[in-house]
Amino acid sequence: MIRVNGLTTDRVNARDRGLAYGDGVFRTLRTEASQPVWWADHYAKLKADCSALMLDCPDQAELRAEVCQVAEAGQGVVKIVLTRGAGARGYALPIEPATTCIVLASALPHHAQNFDDVHARWCELKLGRQPRLAGVKHLNRLENVLARAEWNDPTIFEGLLCDDSGAVISGVMSNVLWGKGGALFTPDLSQCGVAGVARMRLLRAAARLGIGIHTGRFLPAELLAADEVMICNSVMGVRRLARLDDTIWSPAGWTLTLNNALYEDLD
């Protein structure tokens with residue numbers, strides 16, 4: 001099911017600024033028994049991203065009701081898209097913008113139905129730095145689209161991205177973390193990249209477990225020296241990288257520990 005501004009339809013205005021400029025934000029979340037998983041965190045992030053783009057965010061209770069209405073009866077995925085709505089030609093903001101709210105459901109993808117280890121590769125594309133948009137899950141994802149177009153090998157699950165200065169940032173569809181010497185490391189996302197809800201919850205869980213956390217600017221060599229490397233997002237949870245190009249890691253226990261902590265609280 002697809003809902004657009006409260007109506008069951010798959011049509012939007014051709015002048016919508018989300019279509020024309022990527023002027024909007026989105027969230028992709030997992031559902032269980034028609035209920036959104038980690039809803040409080042997802043809504044808080046959606047509201048923060050809306051604030052960064054000066055967008056109106058829908059009422060929390062009303063939006064959750066729409067998510068539950070479209071969600072699959074069992075396990076599934078719901079995507080929420082908010083745009084600045086239809087507007088005249090040109091970049092100037094509409095004087096009276098009317099947010100377009102799209103809520104659509106899909107089946108849970110196969111890769112999210114298991115916790116198998118995965119293989120990844122380094123991407124050639126480099127992410128541009130833009131602090132104003134850093135961390136925000138905005139609609140302009142062309143960098144990710146072009147990065148994902150770099151490979152067709154079905155054995156490669158994910159690609160890792162660096163910024164234009166060479167620092168590790170994320171995966172194409174995921175955040176990246178690694179364990180080394182009893183501490184957890186993850187890239188600083190203050191210049192570019194998306195700060196995902198799963199990453200936030202993992203860092204919160206690590207703090208709760210008394211694990212040291214290091215967030216900073218890390219080069220690929222520092223990731224390659226890790227004891228265990230993981231990727232995460234809200235649909236698939238945490239997955240261990242068994243291989244990254246020619247580098248191979250054996251399990252070191254991090255993925256199991258963090259995945260268990262991640263799902264202790266489904267609210």
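# Reading the sheet, cores and rings of a predicted model

Author: Six strands make up an open sheet in the order S2-S1-S6-S5-S3-S4, with antiparallel pairing. This is a predicted model, in which local features need pLDDT of at least 70 and side-chain atom pairs count only at pLDDT 80 or more, while totals for chains, interfaces and linings use all residues. Residues are numbered from 1 along each chain as its sequence is written, and side-chain values use heavy atoms, with hydrogens and water left out.

Reader: Which strands are the edge strands?

Author: Strands of a sheet pair through backbone hydrogen bonds, either parallel or antiparallel. Helices (H or I, at least four residues) and strands (E, at least two) are DSSP runs, numbered from the N terminus, and two strands count as paired if DSSP finds at least two bridges between them. The edge strands here are S2 (7–8) and S4 (35–36), each of which pairs on one side only.

Reader: Which residues other than glycine have a positive phi?

Author: Most residues other than glycine have a negative phi, and most peptide bonds are trans. Ala33 has a positive phi of about 55 degrees, and Trp38 has a positive phi near 60 degrees. Ala33 is in the loop between S3 (24–32) and S4; Trp38 is in the loop between S4 and helix H2 (39–52).

Reader: Is Ala33 buried or exposed, and what about Trp38?

Author: Buried means under 20% relative accessible area, exposed over 50%, and partly exposed in between (1.4 Å probe, protein chains only). Ala33 is exposed, with a relative accessible area of 52%, whereas Trp38 is buried at 1%.

Reader: What does Glu66 touch?

Author: Contact means heavy atoms within 4.5 Å. Glu66 lies in helix H3 (residues 60–70) and is buried, at 12% relative accessibility. Leaving aside its neighbours within four places in sequence, Glu66 is in contact with Arg3, Gly6, Cys101 and Val103.

Reader: Where do the buried residues of helix H7 fall?

Author: An α-helix has 3.6 residues a turn, so residues three or four places apart point the same way. In H7 (residues 254–262), the buried residues are Trp254, Thr255, Leu258, Asn259, Ala261 and Leu262. Seen down the axis of H7, these fall within an arc of 165 degrees, so they line one face of the helix. The arc is that of the directions from the helix axis to the C-beta atoms. The buried residues of H7 pack against S10, S11 (183–187), helix H5 (197–208), S13 (228–233) and S14 (237–244).

Reader: Which residues have the most contacts inside the largest nonpolar core?

Author: A nonpolar core is a set of buried Ala, Val, Leu, Ile, Met, Phe, Trp, Tyr and Cys residues joined through side-chain atoms within 4.5 Å. The largest one has 24 residues, and Trp178, Leu223, Val229 and Leu241 have the most contacts inside it. S7 (118–127) supplies three residues, the largest share of this core. Apart from it lies another core, of 19 residues, among them Trp39, Val78, Ile80 and Ala105.

Reader: How many aromatic pairs are there?

Author: A pair of aromatic rings is described by the distance of the centres and the angle of the planes. Rings of Phe, Tyr and Trp (its six-membered ring) pair if their centres lie within 6.5 Å; planes under 30 degrees apart count as stacked, over 60 as edge-to-face and the rest as tilted. A search of the whole structure finds five aromatic pairs. The ring centres of Tyr21 and Tyr91 are 5.1 Å apart and the planes are at 55 degrees, so this pair is tilted. Tyr21 is partly exposed, at 30% relative accessible area, and Tyr91 is exposed, at 70%. For Trp178 and Phe218 the centres are 5.3 Å apart and the planes are at 75 degrees, so the pair is edge-to-face. Both Trp178 and Phe218 are buried.
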